[in-house]
Amino acid sequence: MVPTLYIVIPCYNEQEVLPITAPMFLNKIKQLVSEGKITEDSRVLFVNDGSKDGTWEIIRGLAEADRHFIGISQSRNRGHQNAVLAGLMEAKERCDVTVSIDCDGQDDINAVDRMLDAYAEGCEVVYGVRSSRETDSFFKRSTAQGFYRFLSGMGAEVVYNHADYRLISSRVLREFEGFREVNLFLRGMIPLVGFKSTTVEYARTERLAGESKYPLKKMLALAVDGVTSLSVKPLRLITGFGVVVALISFIGCLWALITALCGNAVQGWASMTCIVCFVGGVQLICLGIIGEYVGKIYMETKQRPRYIISERTWEEEK
């Protein structure tokens with residue numbers, strides 16, 4: 001059976017790059033249709049994530065020019081992960097498989113062919129994995145590799161060198177709909193669903209136009225969200241560290257007591273102050289980590305909607 005494919009593309013202030021990459025996505029759809037790999041009902045679904053520039057106007061223009069282009073717009077900016085989720089949930093009942101990809105042209109769209117081949121062989125999830133990071137600067141390469149190692153070390157189940165370029169079947173998406181977390185980290189949540197999966201390697205290039213929407217600050221925030229959303233290992237680490245510090249402090253108290261009983265004066269006000277300050281700093285860090293988890297619980301209990309769709313291009317056609 002030939003599947004219907006929806007390519008889901010989150011967009012935030014992408015008016016510079018969208019006119020360049022949109023024809024690439026359309027050509028890929030038409031090529032796959034002509035080869036008999038997908039049906040004519042396949043679409044390119046743009047998700048406008050509350051852009052402040054002309055992104056949504058461009059998407060509407062593309063939808064009017066070719067029926068293979070459709071788009072939805074969120075009521076406000078809610079972040080990349082929420083935008084991807086909105087597109088996937090919108091597409092799941094209209095297609096057999098989805099492929100999520102950024103609109104900057106860095107991910108090789110031709111890898112979709114191999115993803116579909118893997119799907120035909122029975123894989124429900126296919127992860128796009130970078131084959132190398134030769135095009136990255138030393139700093140970018142080091143921080144990215146550290147990002148994945150940090151996540152793995154903290155207990156988050158992630159695919160190394162995989163971002164959000166992946167194929168997911170509608171069957172998996174229907175099961176994934178039951179994951180109701182407000183704090184989203186799709187890279188770690190998708191593997192939790194299970195089903196047969198594999199990886200496809202591809203070479204990543206430079207952004208074709210515009211500026212990156214994921215600087216170091218956002219990458220660090222994403223790492224924190226990933227760890228605190230998927231693992232309690234940091235809490236266990238600070239508990240273990242607290243036990244070690246307590247034992248060392250207890251031994252120090254015994255030493256001070258024995259020294260005093262032996263008639264020797266215990267000196268070292270400066271060293272004692274340093275120790276107190278050190279322990280105080282450790283306590284504040286531990287409280288910060290605990291506070292991060294409490295904040296996550298606070299947001300989850302509110303059960304606010306993860307996205308709100310304000311417009312759809314196909315509504316305008318009715």
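Where is the place of D107? The residue sits in the loop between β4 and α4, with helices (H or I, at least four residues) and strands (E, at least two) taken as DSSP runs and numbered from the N terminus. The model is a predicted one, so local features need pLDDT of at least 70 and side-chain atom pairs count only at pLDDT 80 or more, while totals for chains, interfaces and linings use all residues. Residues are numbered from 1 along each chain as its sequence is written, and side-chain values use heavy atoms, with hydrogens and water left out.

Back to D107: its relative accessible area is 8%, so it is buried, a label that means under 20% relative accessible area, with exposed meaning over 50% and partly exposed in between (1.4 Å probe, protein chains only). The side chain of D107 is joined to that of Y202 by a polar contact of 2.7 Å. Such a contact is a pair of N or O atoms within 3.5 Å; within protein, one must be able to donate a hydrogen and the other to accept it, and residues adjacent in sequence count only if both atoms are side-chain atoms. Setting aside residues up to four places away in sequence, D107 touches I101, D102, Y165, Y202 and R204, where contact means heavy atoms within 4.5 Å.

Stepping back to the whole protein, there are 11 helices and 8 strands. Of the 318 residues, 44% are buried. Among contacts with a separation of 6 or more, 84% are between residues 24 or more positions apart.

T98 is a case of a contact across the sequence. This residue belongs to strand β4 (residues 97–100), and its relative accessibility is 0%, so it counts as buried. Y6 is 92 residues away from T98 in sequence, yet the two are 4.8 Å apart in space, C-alpha to C-alpha. Beyond residues up to four places away in sequence, T98 touches L5, Y6, V8, L88, A91, R166, L167, I168 and L173.

T4 lies in the segment before β1 (5–11). With 10% relative accessibility, T4 counts as buried. Its side chain makes a polar contact of 2.8 Å with the side chain of T39. Leaving out residues up to four places away in sequence, T4 touches T39, D41, S42, R94, C95, D96 and V97.

Next come the helix pairs. Two packed helices are described by the angle between their axes and the distance between the axes. Helix α1 (residues 18–34) and helix α4 (residues 111–120) have axes that come within 11 Å and cross at roughly 40°. That angle makes α1 oblique to α4; angles under 35 degrees count as roughly parallel, over 145 as roughly antiparallel, 65 to 115 as roughly perpendicular and the rest as oblique. Axes here are lines fitted to C-alpha atoms, for helices over the stretch in contact, and angles run from 0 to 180 degrees between N-to-C directions. K28, Q31 and L32 of α1 meet V112, D113 and L116 of α4. By class, this contact of α1 with α4 has 3 nonpolar, 1 polar and 2 charged residues (Ala, Val, Leu, Ile, Met, Phe, Trp, Tyr, Cys and Pro count as nonpolar, Asp, Glu, Lys and Arg as charged, and the others, Gly among them, as polar).

α1 also packs against helix α2 (residues 55–65), at an angle of about 35° and with the axes 11 Å apart. L18, P19 and A22 of α1 make the contact with T55, I58, I59 and L62 of α2. The residues of this contact of α1 with α2 divide into 6 nonpolar, 1 polar and no charged.

In helix α3 (residues 80–91) there is Q81, buried at 6% relative accessibility. A polar contact of 3.1 Å joins its side chain to that of D164. Q81 also touches L184, F185, L186 and R187.

Helix α7 (residues 186–193) has 7 of its 8 residues buried, so it is largely enclosed by the rest of the structure. Just after α7, G194 takes a positive phi of about 95°.
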